[in-house]
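This report describes a structure for a reader who has not seen it before. The sequence and the model come first, and the description follows.

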Number of protein chains: 2
Amino acid sequence: MSSKEEIRPEDVEIDGLTAAELEAQHPADAAEAIEGLDLTDQIKFIKQLPVKDAALSLAEMETHDQKEIIQNLNRGLAGRIVAHMSPDDATDLLDELDYELQQALLRRVPAEERAELKTLLTFDPDTAGGVMNTEVVILDQDLNVDLAITKIREEVEDKEIPYYAYLTDEKDRLVGVVSLRDILLARRGAMLKDLVKTQSLVTVGYNIDKEEVAHLIAHYNLLALPVVDFGNRLLGVVTVDDVIDIIHEEASEDMQAMVGAGADETTDSPWLYSVRMRLPWLIINVLFSAISAWVVHLFEGNIAEMAVLAVLMPIVANQAGNTGQQALAVMIRQLAMERFDRKRAWLAVVRELRIGLLNGAIISSLVFGVAFGLTGKLSLSLVMGLALGVDMVLGAVAGASIPLLLKEVGRDPAQASSIFLTTITDSMGFFFLLGLAGLVLLT
Amino acid sequence: MSSKEEIRPEDVEIDGLTAAELEAQHPADAAEAIEGLDLTDQIKFIKQLPVKDAALSLAEMETHDQKEIIQNLNRGLAGRIVAHMSPDDATDLLDELDYELQQALLRRVPAEERAELKTLLTFDPDTAGGVMNTEVVILDQDLNVDLAITKIREEVEDKEIPYYAYLTDEKDRLVGVVSLRDILLARRGAMLKDLVKTQSLVTVGYNIDKEEVAHLIAHYNLLALPVVDFGNRLLGVVTVDDVIDIIHEEASEDMQAMVGAGADETTDSPWLYSVRMRLPWLIINVLFSAISAWVVHLFEGNIAEMAVLAVLMPIVANQAGNTGQQALAVMIRQLAMERFDRKRAWLAVVRELRIGLLNGAIISSLVFGVAFGLTGKLSLSLVMGLALGVDMVLGAVAGASIPLLLKEVGRDPAQASSIFLTTITDSMGFFFLLGLAGLVLLT
């Protein structure tokens with residue numbers, strides 16, 4: 001069928017779905033249904049939906065799908081869809097496109113919205129300015145409640161954030177926030193500025209990292225957090241539903257970056273994208289493994305004399321690695337959830353040292369006991385127990401310290417931390433085991 | 001000082017903080033400040049604060065601190081604090097206490113609230129009923145907007161959730177939800193039931209898992225989700241700020257459970273608690289490592305003949321482990337963020353197989369090349385490259401499958417998954433490497 005014909009949506013059916021059915025769904029559900037299709041069908045559906053519905057659904061899709069669909073639509077329709085998206089969603093999408101397409105679409109957006117999108121595009125996407133919504137209700141603080149209600153009625157209809165209105169002074173500076181609840185509860189004729197007199201307003205600068213913004217909203221249980229410039233003028237708000245996305249993203253980033261997978265990979269990413277994201281870290285990992293292998297190589301003579309050492313190697317390495325990963329996981333989550341406090345963070349390393357010492361002592365005694373019971377070889381069992389215990393303690397301290405060291409040098413605390421950790425626990429574990437064996441058993 | 005004396009808060013100073021200063025802070029900040037103190041000082045502060053502020057601050061603290069403070073207060077004060085907490089926060093706390101103390105505190109709560117808390121305590125804390133808030137504004141659907149505003153004004157003052165009001169029919173069944181925004185926008189005299197006529201209401205049963213609740217709220221960008229019983233009667237609502245906590249908790253649980261740390265551990269947990277949580281998994285890990293060691297033991301003769309095999313072992317094990325952890329991380333995050341869809345989930349395993357095949361082929365060719373370049377030994381380099389590549393593919397498939405298999409048998413998909421994974425990649429890696437070496441190099 002040609003896309004130029006006039007087609008009624010109810011005529012089109014793809015994969016058992018009709019556009020009319022999609023239209024009746026919540027945009028988030030329509031988005032999920034469309035994401036399940038292949039690109040050709042996705043395009044067909046988007047073309048059949050009313051522009052407004054297409055914009056709403058597209059906003060709910062994952063970045064990768066959004067981008068592919070927009071790149072494959074004709075520019076007229078793509079531009080109209082972008083113009084119908086809320087400014088923050090449109091900016092997120094435009095940010096992902098190459099410059100030429102971005103500009104081409106911007107030219108198709110009406111002048112007023114274009115100016116706003118251009119401003120939004122200047123903010124770093126990982127900051128408050130990059131995630132904020134600019135559709136806010138702004139009221140003059142010198143209005144009374146009744147006038148405010150009239151004003152809100154006029155404005156609120158097409159705004160996404162209908163729960164707060166922001167009060168400004170004559171120089172457009174933010175002076176307070178009132179909720180619709182405050183306005184409903186206020187006595188008739190009360191002045192807006194009197195409602196916010198004793199308010200301690202939480203705001204955030206536009207250049208603050210979005211994780212910090214998420215932290216503030218979660219900490220204070222806010223529904224929206226106003227974003228201001230250096231002159232305390234209101235630029236927009238970050239809403240709680242954006243925060244949920246940020247928290248999900250950060251959790252995925254941490255977990256995936258830790259082991260060298262792409263921070264934004266999902267099971268829907270193209271598989272070659274995942275290959276490209278993971279391969280560099282796998283190469284780094286194999287180079288780091290070479291360090292551990294080199295340590296073993298130093299003691300090759302010992303192993304040739306006593307092959308049983310090679311039997312024990314995986315136990316030491318694996319066990320210390322696991323101990324370290326437990327510390328690593330707790331530490332990375334802590335850094336994700338709480339504001340960074342250097343003193344408390346390093347105290348947490350001491351805490352992990354204690355845990356490592358006790359768990360190390362228990363496990364290595366156990367292993368010593370079992371090894372001695374099975375083999376009757378006291379020295380070998382002692383060497384094994386000792387190397388294991390020391391490496392576990394080292395693993396605990398390394399697991400807790402690596403994210404902090406990464407943070408101190410200005411890197412993502414999670415990035416490749418598991419790779420660094422196992423390099424340390426593997427190489428030092430082999431060094432302790434094979435070195436001790438050389439000293440005690442083979443002299 | 002005796003706690004029976006009349007003490008003015010401004011007289012007491014602990015760690016440079018006065019109770020008067022704490023009182024002036026947002027409860028979330030006061031909670032953070034109090035959490036930083038040791039128990040004796042925590043108790044002193046809580047005693048100095050007005051009961052209402054103490055209740056608000058306590059609600060913002062971590063479970064562990066809450067519990068310790070309540071256990072160490074006299075029961076009269078503890079009971080009054082619990083009575084001042086919002087019912088959902090009070091229930092969370094009571095759920096953590098031993099039965100005797102729980103009942104003692106309940107007896108000190110006024111009868112009406114006691115009945116409510118007792119009902120809430122019957123819900124599983126991990127379900128919608130366990131996290132819902134019961135302070136909701138309920139309106140008869142036959143009211144008009146103006147009467148509704150009067151009713152809301154009367155009720156909303158002491159309720160935590162002021163953005164929605166819920167409409168019920170004559171049999172208390174939920175028929176719709178109106179936001180304060182809807183009410184402000186509606187024309188005077190409009191009937192409430194006419195506002196919700198075309199509404200497609202999202203509700204959730206009280207026994208639905210809280211993760212699913214969080215998923216629904218995030219998916220539909222809701223501020224609150226009504227919880228109903230089997231007769232569709234409204235029991236309460238889950239609000240978006242609870243969802244943020246749930247998402248944070250789940251992310252910590254996944255990351256920490258994956259490596260066998262306690263799901264609810266933080267850097268503030270008592271260190272002995274962490275020891276107790278991690279030790280069982282460390283013991284399981286050491287037992288599993290013994291499997292890998294046993295595989296090596298089977299080939300001890302080969303190693304005695306060719307100690308260089310022990311040098312290569314850590315590279316194979318570590319590299320396949322890392323490959324598997326990349327797949328594991330992406331899969332666990334997927335299960336955390338999206339509704340489980342068996343078909344899509346197993347397709348994701350196929351995707352990981354592809355990624356593993358390509359990454360495995362690239363890395364093993366690289367390692368083969370370097371090994372051959374360095375040693376000039378063709379057969380050894382081939383054995384190494386082949387064992388590495390095969391184990392990486394196995395790691396990718398195992399990493400992707402383990403969470404799904406755990407899910408299929410009704411377990412937490414993350415629990416100890418990393419331990420299971422490395423057992424497979426270690427033992428099979430050694431089997432491939434040492435076995436192939438035995439076949440190719442030593443015959």
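## A covered helix in chain B

Helix 21 of chain B is mostly covered, with 18 of its 24 residues buried. A residue is buried if 20 or more other C-beta atoms lie within 10 Å of its own, exposed if 12 or fewer, and partly exposed in between, with C-beta atoms placed from the backbone. Helix 21 spans residues 417–440 of chain B and reaches 34 Å from its first C-alpha to its last, close to the 34 Å expected at 1.5 Å a residue. That expected span is 1.5 Å times one less than the number of residues. Helices (H or I, at least four residues) and strands (E, at least two) are DSSP runs, numbered from the N terminus.

This is a predicted model, in which local features need pLDDT of at least 70, side-chain atom pairs count only at pLDDT 80 or more, and totals for chains, interfaces and linings use all residues. Residues are numbered from 1 along each chain as its sequence is written, while chains are lettered from A and ligands numbered from 1 in the order in which they are written.

## The two chains together

In chain B, 86 residues are in contact with 87 residues of chain A; contact is counted if the C-beta atoms of two residues, placed from the backbone, lie within 7 Å. Helix 18 (residues 308–337) of chain B supplies the largest share of the side that touches chain A, 21 residues. By type, the residues of that side of chain B are 51 nonpolar, 24 polar and eleven charged. Here Ala, Val, Leu, Ile, Met, Phe, Trp, Tyr, Cys and Pro count as nonpolar, Asp, Glu, Lys and Arg as charged, and the others, Gly among them, as polar.

The same surface serves both copies, as 100% of the contact residues of chain B recur in chain A.

## A hairpin in chain B

Strand 7 (residues 224–228) and strand 8 of chain B run antiparallel and are joined by five bridges. Two strands pair if DSSP finds at least two bridges between them. B:Ala224 stands opposite B:Thr239 in strand 8. The two strands form a hairpin with five residues between them, and B:Asn232 in the turn has a positive phi of about 60°. Strand 8 (residues 234–239) of chain B is mostly covered, with five of its six residues buried.

## Parts of chain A

An open sheet of three strands in chain A has the order 3-4-5, with mixed pairing. Its edge strands are strand 3 (137–140) and strand 5 (174–179), each pairing on one side only. Strand 3 and strand 4 (residues 164–168) of chain A pair in the parallel sense over four bridges, and A:Val137 has A:Ala165 in strand 4 as its bridge partner.

Helix 7 (residues 87–96) of chain A is mostly covered, with seven of its ten residues buried. Among the buried residues are A:Asp88, A:Ala90 and A:Leu93. Their cover includes helix 4 (51–60) and helix 8 (99–107) of chain A.
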